[in-house]
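I opened my notebook for a friendly walk through this structure. Below are my entries, in the order I looked things up.

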Amino acid sequence: EEIPELTESFNLMTQRLESTFSELSGRNEELESIISSMTEGLLVIDTEGKILLFNIGAQKIIDTEKILGRYYWELLRSPGLNTLIDEGSDRPVSGEIELAGRHFLCIITPLASRKAKVLLLHDLTDMKQIERVKKDLVANVSHELKTPLTAIKGFTETLLEAADTKSAEYLQIIKRHTDRLISMVNELLLPSEL
């Protein structure tokens, strides 16, 4: 009499286990798809610094085939990264680092178990280059405008000294607008200097 009950319990347990394994397998596939589709570099490192998990983005940054099981400092040489990883032992931290001539925003988050850390590397190199070009452009344009405006102002002031009443009125207008343009150019230069 007990055997049919036991058989049914085993069958129920088997169904539950199959359902649980199927669900875990589906979640694992979803997680792998998400991680592999990320363009940012993602590394999971243990407390000793060994790489437990990585994605294609990290492999492109590191540019080597064998990554798993190696220490992060063998592959990513940056004093700034070492400092961030030390700071990120008990709380999330972020900062900019340089690796092989490229600039990255590095975000380090400890896992809840505190036995591993997630390291995310977002490439900022192109954005930094655009920022530098924009700053140089503003500085160059401002400088190129300032020179002729200063010359116009100087000639206007010289003409004002020898001008009659009617001409002086027009020259004052030119001088006022030139001063205004010089002020605008100086205001453009200020953010670029900051």
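I began with accessibility: buried means under 20% relative accessible area, exposed over 50%, and partly exposed in between (1.4 Å probe, protein chains only). I am looking at a predicted model, where local features need pLDDT of at least 70 and side-chain atom pairs count only at pLDDT 80 or more, while totals for chains, interfaces and linings use all residues. Residues are numbered from 1 along each chain as its sequence is written, and side-chain values use heavy atoms, with hydrogens and water left out.

**Entry: salt bridges**

I took a salt bridge as a side-chain nitrogen of Lys or Arg within 4 Å of a carboxyl oxygen of Asp or Glu. Side chains of opposite charge can pair when their charged atoms come close. How many salt bridges does a search of the whole structure find? The search finds seven.

I looked up Arg70 and Glu74 among them; their side chains meet at 3.2 Å, N to O. Arg70 counts as partly exposed because its relative accessibility is 25%. Glu74 is partly exposed too, with a relative accessible area of 32%.

Next I turned to Asp179 and Lys153, whose side chains meet in a salt bridge of 3.1 Å, N to O. This pair links distant parts of the chain: Asp179 sits in helix α6 (residues 165–193) and Lys153 in helix α5 (residues 125–162), 26 residues apart. Lys153 is partly exposed at 26% relative accessibility, and Asp179 is partly exposed at 27%.

I then found Glu157 in a salt bridge with Lys175, the closest N and O atoms being 3.9 Å apart. Here too distant parts of the chain are linked, with Glu157 in α5 and Lys175 in α6, 18 residues apart. Glu157 has a relative accessible area of 32%, so it is partly exposed. Which residues are linked in a network of salt bridges? I noted Lys153, Glu157, Lys175 and Asp179.

While in α6 I also checked Ile182, which is found in that helix. Ile182 is buried, because its relative accessible area is 14%. Its C-alpha atom is 9.8 Å from that of Pro148, 34 residues away along the chain.

**Entry: surface patches**

My patches are made of residues with over 30% relative accessible area and no salt bridge, joining like charges within 9 Å and nonpolar side chains (Val, Leu, Ile, Met, Phe, Trp, Tyr) within 5 Å. Accessible areas come from the Shrake-Rupley method with a 1.4 Å probe; for residues, only the protein chains shown count as cover.

I found a negative surface patch formed by Glu1, Glu2, Glu5 and Glu8. In the charge count, Lys and Arg are positive and Asp and Glu negative, with His and the chain ends not counted. Each charge is placed at NZ of Lys, CZ of Arg, CG of Asp or CD of Glu. Glu2 belongs to helix α1 (residues 2–37) and counts as exposed at 66% relative accessibility.

I also found a nonpolar surface patch of Leu6, Phe10, Met13, Leu17, Phe21 and Leu24, with about 620 Å² of accessible area together. Phe10 lies in α1 and is partly exposed, with a relative accessible area of 47%.

Which residues of helix α4 (residues 79–87) are buried? I listed Leu81, Leu84 and Ile85. Seen down the axis of α4, they fall within an arc of 100 degrees, so they line one face of the helix. That arc is taken over the directions from the helix axis to the C-beta atoms. The face turned away from the buried side carries the exposed residues Pro79 and Asp86. An α-helix has 3.6 residues a turn, so residues three or four places apart point the same way.

**Entry: backbone and loops**

Most residues other than glycine have a negative phi. I noted that Asp63, not a glycine, has a positive phi of about 60 degrees. Asp63 is in the loop between α2 and α3 (72–75) and counts as exposed at 68% relative accessibility.

For Ala100, phi is positive as well, near 50 degrees. Ala100 is in the loop between β3 (93–99) and β4 (102–110), and at 84% relative accessibility it counts as exposed.

Conventions:
Helix = DSSP H or I, 4+ residues; strand = E, 2+ residues; numbered from the N terminus.
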